[in-house]
Amino acid sequence: MPASSLPPSAKKRKVKPDADLVKKLEVQITDAATNDGSLNPLVDLLNLAQGTSDPADLSKIIYSLYRVFVVITCSDKLAPGGGDAAKQVRKWIWERLDAFVHILVGLLQDEESALRKSALDILFSLLRHLSSSLSKVSPDGRPQFHHSHFKHIVRGLLICPPSPRSSSNRTCEGKLMPDVRDHFVATWLSVYDDVRWCFLREASSVLSRFPAAEYPNLAANLLCLVDRLTTFPTEASELNAWWIPELGEKPFVRGDKFGADDEEDLVVSDTENEDDWRKFFDEQPKAKDIKRTTDIKGRVHQLSFHQSLHSLKAHRAVFTRMWLSLLPRLSLDTSDTSRSLAIRALNIMHRGILPHLTRAILVMDWIGACVDTGGTVGLLALNALFTLMKDYNLDYPQFYTRLYAFLDKDILHLKHRARFFRLTELFLSSTHLPAALLASFVKRLSRLSLSAPPAAIIMIIPFTYNILKRHPALMKMIHRADDDHEPLNDTYIANEANPNATNAINSSLWELLSHRKHYDTAVSTLARIFEEAFTKPGYSMEDFLDHTYGTLLENELQRKIKKEPALATELVQDPFPLCTDPAIEADEGIASDSRDVISELWAFD
């Protein structure tokens with residue numbers, strides 16, 4: 001351990017750094033780095049950072065350390081080569097740099113927002129300088145990315161270690177701070193292609209190495225980052241933003257220049273056999289899809305790191321691998337936390353995940369398991385499952401059977417019922433569906449409307465109208481007026497799970513007819529549309545999906561009264577006559593004008 005330039009202390013205590021002392025140490029280290037002098041004051045500056053609790057003082061120290069390490073890096077102190085003495089010095093500097101990075105990673109969870117943002121900015125700035133320095137000393141001149149430093153950043157964002165400040169009273173919960181999340185996504189993840197590619201690959205590695213039992217918030221931290229990723233490239237020409245400028249150069253295209261000797265082997269890496277998983281995501285190109293493009297040619301697992309950054313297929317491969325690693329972590333159990341994470345993933349599945357996967361069919365098993373879960377999770381999973389069937393040719397014969405099973409007594413009382421009707425209208429929009437199947441859906445909804453709140457009935461009526469308008473074969477369900485006893489002899493089999501075997505097509509929608517006498521005027525008025533000619537092209541469901549008790553009450557209060565209600569009644573002289581026989585009244589001595597009717601009600605003689 002080199003000698004310290006600070007006066008010795010009898011015991012460990014918090015140090016109140018002097019601004020002049022910090023500046024003096026920075027000047028000493030800068031001069032030593034440029035003149036090959038002693039770097040021992042670097043230890044003192046690190047000790048100040050580790051023992052300082054004041055946010056303002058700590059901010060000054062970490063920026064001084066940042067400037068010092070930039071000078072050291074730019075002076076090639078970390079470049080490989082030299083004798084044993086140079087290697088010892090380089091090893092010592094790396095240890096000090098790792099200690100500084102450890103402080104910065106912990107500050108991502110600090111209670112001071114300014115320190116959190118500054119720590120993230122410094123970490124990424126160091127990444128740029130370290131990568132550029134590594135590219136200068138590359139033996140073949142190929143650009144490099146400092147993976148070992150980037151691993152610390154990713155683990156700081158996903159694992160979230162506690163802040164090193166001793167005065168920080170915040171209990172570390174392992175959850176990513178919202179301002180750090182937004183700053184990282186807006187500044188780097190959604191902007192720079194090299195950062196996004198490396199983050200997705202390293203995130204998959206972190207998921208495989210850190211078990212869910214010990215790190216319960218890991219999946220939630222990663223999900224809150226990737227679900228905000230809305231700028232994933234769809235064409236090779238969109239790969240044009242680079243945090244490391246050297247990586248923006250076009251890679252070599254000759255196959256003999258690249259092989260097993262990947263350039264990321266120049267830095268410390270623990271991703272052995274990483275080429276094996278990339279073979280799984282390769283696809284044979286189709287003849288109709290072959291066109292002139294700027295994308296890198298070749299199989300994904302044969303591309304070097306630099307080539308992968310410029311290959312759209314490689315970006316899709318790491319994106320697919322990350323989601324295949326993350327999705328099982330989102331549904332480990334049936335707790336509310338796992339359910340909420342699965343809902344967040346399913347909300348973006350059809351527009352933010354499936355279009356960018358190498359093969360969307362790879363998530364079929366997870367989506368199918370979510371459908372079997374039922375409830376809100378199953379409902380959202382049906383949307384993703386329908387997308388796989390419609391856009392990716394997935395064969396799922398039991399889809400409408402599963403959808404029919406969601407029509408239970410609870411579906412019309414959930415807060416997600418509006419989304420359910422949006423999705424169901426989409427699922428039943430095809431004109432090639434069997435009439436018997438559609439009849440089962442409208443009949444089940446009609447039966448459920450008997451116990452539904454008024455806002456749900458207002459959704460069911462136009463929904464049913466649109467289906468009847470689109471499928472004239474169902475019109476007979478509202479024209480069975482010849483049998484007065486039909487409601488008592490309904491042929492619909494309510495407990496049948498197969499929508500094709502419920503015999504609903506031979507039944508009627510008498511439940512909707514009963515709503516003509518509903519206590520709510522909005523419902524009773526809307527229910528009369530089935531008595532009129534079907535001349536309206538159809539109802540826009542968006543006009544009926546946002547109704548609640550509050551909106552119904554507001555409409556009722558604002559409704560203009562056309563006819564004033566009766567406010568007076570005829571007075572009755574004896575509203576509660578208990579005894580009308582004059583003889584009995586005379587025998588008991590009761591005066592007809594002085595009877596207490598209420599008291600007589602409680603006379604049990």
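Predicted model: local features only at pLDDT ≥ 70, side-chain atom pairs only at ≥ 80, totals over all residues.

User: What percentage of the residues is buried?

Analyst: Of the 605 residues in the protein, 47% are buried. A residue counts as buried when its relative accessible area is under 20%.

User: Which share of the contacts joins residues 24 or more positions apart?

Analyst: Among contacts with a separation of 6 or more, 74% are between residues 24 or more positions apart.

User: How should I describe two packed helices?

Analyst: Two packed helices are described by the angle between their axes and by the distance between the axes. Take helix α4 (residues 84-107) and α5 in this model: the axes are 8 Å apart and the packing angle is about 145 degrees. The crossing of α4 and α5 is left-handed.

User: Which residues make that contact, and how do they divide by class?

Analyst: From α4 the contact takes Trp94, Leu97, Phe100, Val101, Leu104, Val105 and Leu107. From α5 it takes Leu115, Arg116, Ala119, Ile122, Leu123, Leu126 and Leu130. By class, the contact of α4 with α5 holds 13 nonpolar residues, no polar residues and one charged residue.

User: At what angle do α9 and α12 cross, and why is α9 called oblique to α12?

Analyst: Helix α9 (residues 218-226) and helix α12 (residues 312-326) have axes that come within 11 Å and cross at roughly 140 degrees. Because of that angle, α9 is oblique to α12; the antiparallel class requires an angle over 145 degrees. The α9 and α12 crossing is left-handed.

User: Which residues meet there?

Analyst: Ala219, Leu222, Leu223 and Val226 in α9 meet Met322, Trp323 and Leu326 in α12. The contact of α9 with α12 consists of seven nonpolar residues, with no polar and no charged ones.

User: Which residues of a helix such as α18 are buried, and what do they pack against?

Analyst: In helix α18 (residues 417-427) the buried residues are Arg417, Ala418, Phe420, Phe421, Leu423, Thr424 and Phe427. These buried residues pack against four helices: α16 (375-392), α17 (399-405), α19 (435-448) and α20 (454-470).

User: Let us turn to single residues. Where is serine 131, and is it buried or exposed?

Analyst: Serine 131 lies in helix α5, and its relative accessibility of 0% means that it counts as buried. Setting aside neighbours within four places in sequence, serine 131 is in contact with Gln144, Phe145, His146 and Ile244. Histidine 146 is 15 residues from serine 131 along the chain, and their C-alpha atoms are separated by 4.9 Å.

User: What does serine 135 touch?

Analyst: Serine 135 also has its place in helix α5 (residues 113-136). At 11% relative accessibility, serine 135 counts as buried. Not counting residues up to four places away in sequence, serine 135 touches Arg142, Pro143, Gln144 and Glu246.

User: Is aspartate 44 buried or exposed?

Analyst: Aspartate 44, in helix α2, is buried, with a relative accessible area of 0%. Aspartate 44 and valine 22 stand 22 residues apart in sequence, with a C-alpha to C-alpha distance of 9.3 Å.

User: Which phi values do aspartate 36 and asparagine 503 have, and where are these residues?

Analyst: Aspartate 36 is not a glycine, yet its phi is positive, at about 55 degrees. Aspartate 36 sits in the loop between α1 (19-35) and α2 (41-51), and at 62% relative accessibility it counts as exposed. Asparagine 503, again a residue other than glycine, has a positive phi near 60 degrees. Asparagine 503 is in the loop between α20 and α21 (510-514) and is partly exposed, with a relative accessible area of 32%.

User: Finally, what is a disulfide, and how many does the structure hold?

Analyst: A disulfide is a covalent bond between the sulfur atoms of two cysteines. The structure holds zero disulfides. As for individual cysteines, cysteine 198 is buried, with a relative accessible area of 3%. Cysteine 370 counts as buried at 3% relative accessibility.

Technical notes
Residues numbered from 1 in each chain as written. Heavy atoms only, no water. Disulfide = S-S within 2.5 Å. Buried < 20%, exposed > 50% of the residue type's maximum accessible area, 1.4 Å probe, protein only. Helix = DSSP H or I, 4+ residues; strand = E, 2+ residues; numbered from the N terminus. Contact = heavy atoms within 4.5 Å. Axes fitted to C-alpha atoms, helices over the stretch in contact; angles between N-to-C directions. Parallel < 35°, antiparallel > 145°, perpendicular 65-115°, else oblique. Left-handed = near helix turned anticlockwise from the far one by under 90°. Nonpolar A, V, L, I, M, F, W, Y, C, P; charged D, E, K, R; others polar.
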